[in-house]
Amino acid sequence: MGKEHSAKHISERFKKGQFGLLDIASYLLFFVSVAILILLLNLGGQFLKNKEARASLDVDVNLASFAKADAQLDSYLRTDLPGKDELLEKIQWLEENKNKNPYITELKKQLDLKKAREILEAYPEVYEGKDYSGFISGLHALYYSGEDRGKVWDAFRAVTAVMFLRSVKDYPKRGEFMFYLLPVGVDFDPEDLKPSSNEDLCGRSGFELCIRYFPEIMVPQMNKEYEEASGAVLAGRTARKPARRFSSQAVQAIPVANSGLAKVEFRYYHEFKSWLPQA
Amino acid sequence: MANANKLMQNKKGLDYYVATITIMAIFLLGFVVFSLFTKDYHLRSGLALGSEQFRILKTYANAEKALLFVDDSARLALEQAAVSYGKNGFFSSNPPCGGINGHSYWAKDNILPENSCVPLPVNPSGCYPYEETMKASLIGLFTPPFSSFISGFNEKSDVKVPFSYEPFEVKQGSTEIIGRAKEPVTISMPNIKYGVKPSFTEKLGRDVVADGNSIAAVAQSLVGNTEKDIRSVVSSIDGMSGLDWDENFPPPKKSYTCDYPTGTCSCCRLEEVCSEYKPEPNEKGEFVCKKKKFVDVLIGTGVEYTGVPYDEFDVLMSVKVNDPVSPTGHKRFFVYDEATKKVVLKELDYNFALNWIEAHPEDAKRSCVCSSGYEC
């Protein structure tokens, strides 16, 4: 072996600044190999599109709100109704407060409490000792038994209103409460158990019984483009725009006494509070 | 130093080092790349954070919907069964002693010539429903409507509920029916398989078996009493234990007679015989009859019967469950009426009938039956 290949010789060459091209090329080759390796392993996500990359960071709010809607409807249906005296007392509360709160006033216009009372007093079996699901089953019998359907309609709306009316602080007025009622519809003879595609659950939807109440002040907000209305930011991630404007739906089948079943549909607006007018 | 350099330069392993490392690296990298690109969910699958978790929640929710339907169906079927159970006198189908006007007989007498016209129960072991009979009846009346509800649900739902249960049980207290499922409701999706058994426990809110026991005990004491005594007993217990009693006494079917053979009797026939002849014979030497008369002539024996008159009583009882909330004062349920094909509100009404016979042997009358002729 020649003198020029010894370690000492190489070292001496370095000291003299003779860093050979071969060495540089070998280092370059090393780094290029590493880069190719990284590309192959897709560690940097180089083969990902923006959409796919964003998907890994996004949260689909719809999925969460559908799960919430299912849970809400389930809890509605399993809610035990109060006894006769207490239920009529709750209905009476609506009557007494109709002039004290503007939202109750608006809601009351949709309800005929007198007709509702007539049905509830004549047929306590519909709700006494029953949960909300049993109540709907009982109304099915009255609806098809020759009873005045308008009264059955009013009874459903009144009971649903007193049981499930929600309230939030009325920010513009500070200290008062704004009331609203999420949509609930009942179809006594459904063809299937799929959710309705109507934007307004209670408008020409084929539901024999239906109620919803959103204060008028909220309606323009709800009709805005969703992206403007619900720009909620969740933990630093952006909520994805859902496919429909009316949020999430839940459907449940309940049995009725003629061995059939009724479809109950519920809509949950998870972004509702974000639509509230802020002070 | 020279030895060390010489050693390094002569190391044979170095000749193969580079090739070996290169080949190993190629295989290793190839394996890693292959693994990455064959994962089920690639990074490019586009699934949002939490998608899989929400799919699991959705699966639970769908199963919960099926379970809620099963619970509600069991409750409705139990109410339907209770009304039918009461209407049938605690029997599920044909009562052992028959019935009258939609009321099952709990006591039924018979009076037969073979038994010397002594009134005896139709069924020596009795016609009263016992506790086990009542429970079996309730289950027998519960199963068809419950099955019908489940079938209706399975027709429309993507989630199917298997109708596969251990024998249903009835527990007293508030008439609790327990169904233990053998097979689960199964929901299968990509990467998710979830099963939950649709067992249930539903209560009626009224102990219909205890009602049956107490009513049967009272009914057994009523048979054979006079109408006045029965009304007295019923009015004394009316309203107790939340039960309202009502009785209906149709008029007894009087003027029945039971005939049974008690011996033989002589039978005769009327014959015309000559009672007086002319004193002188005719040209032929025959004595001609001057006067005839009819006389009884014995022709044999017949069967002697003793006819025992008896009265047959049918009392139709109706016992309703008191309910202060109901406008009628009685507990009502929504049930499906097969006759009108509608769902109607019916009272929980326990119906039964008591039948007994009072014979009056002291007024028995004897008669003779001749196959021809008459009693002498």
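## Ground rules

Axes here are lines fitted to C-alpha atoms, for helices over the stretch in contact, and angles run from 0 to 180 degrees between N-to-C directions. Two residues count as in contact if their C-beta atoms, placed from the backbone, lie within 7 Å. Helices (H or I, at least four residues) and strands (E, at least two) are DSSP runs, numbered from the N terminus.

This is a predicted model: local features need pLDDT of at least 70, side-chain atom pairs count only at pLDDT 80 or more, and totals for chains, interfaces and linings use all residues. Residues are numbered from 1 along each chain as its sequence is written, while chains are lettered from A and ligands numbered from 1 in the order in which they are written.

Chain B has an open sheet of three strands in the order S5-S6-S9, paired antiparallel; strands pair if DSSP finds at least two bridges between them. S5(B) and S9(B) sit at the edges with a single partner strand each, so one side of each is left without a neighbour in the sheet. From one strand to the next, the twist averages 20°. Lying across S6 and S9 of chain B is H3(B), which runs at about 40° to S9(B).

Now for the pairings. S5 (residues 169–171) of chain B is joined to S6(B) by three bridges, with Val170(B) opposite Ile177(B) and Lys171(B) opposite Glu176(B). The two strands make a hairpin with four residues between them, and Gly173(B) in the turn has a positive phi of about 120°. On to S9 (residues 200–203) of chain B: four bridges link this strand to S6(B), and Lys203(B) is the bridge partner of Glu176(B) there. As for the faces of S6 (residues 176–179) of chain B, Ile177(B) and Gly179(B) are on the covered one, whereas Glu176(B) and Ile178(B) are on the uncovered one.

## The nonpolar cores

A nonpolar core is a set of buried Ala, Val, Leu, Ile, Met, Phe, Trp, Tyr and Cys residues joined through C-beta atoms within 7 Å. Buried means that 20 or more other C-beta atoms lie within 10 Å of a residue's own (exposed is 12 or fewer, partly exposed is in between, and C-beta atoms are placed from the backbone).

Which residues touch the most other members of the largest core? Among its 99 residues, they are Leu139(A), Ala155(A), Ala158(A), Val264(A), Phe266(A) and Ala82(B). H3 (residues 51–87) of chain B gives the most to this core, 14 residues. Apart from it lies another core of 18 residues, including Trp106(B) and Tyr128(B).

## Helix H9 of chain A

Chain A comes to 12 helices and seven strands, and 34% of its 279 residues are buried. H9 (residues 149–164) of chain A has 16 residues and reaches 22 Å from its first C-alpha to its last, close to the 22 Å expected at 1.5 Å a residue (the expected span is 1.5 Å times one less than the number of residues).

How many residues of H9(A) are buried? The count is 12 of the 16, so H9(A) is largely enclosed by the rest of the structure. Ala155(A) and Ala158(A) are among the buried ones. Leaving out residues up to four places away in sequence, Ala155(A) touches Ala116(A), Ile119(A), Leu120(A) and Leu139(A). The cover over the buried residues of H9(A) includes helix H7 (113–122) and helix H8 (132–143) of chain A.
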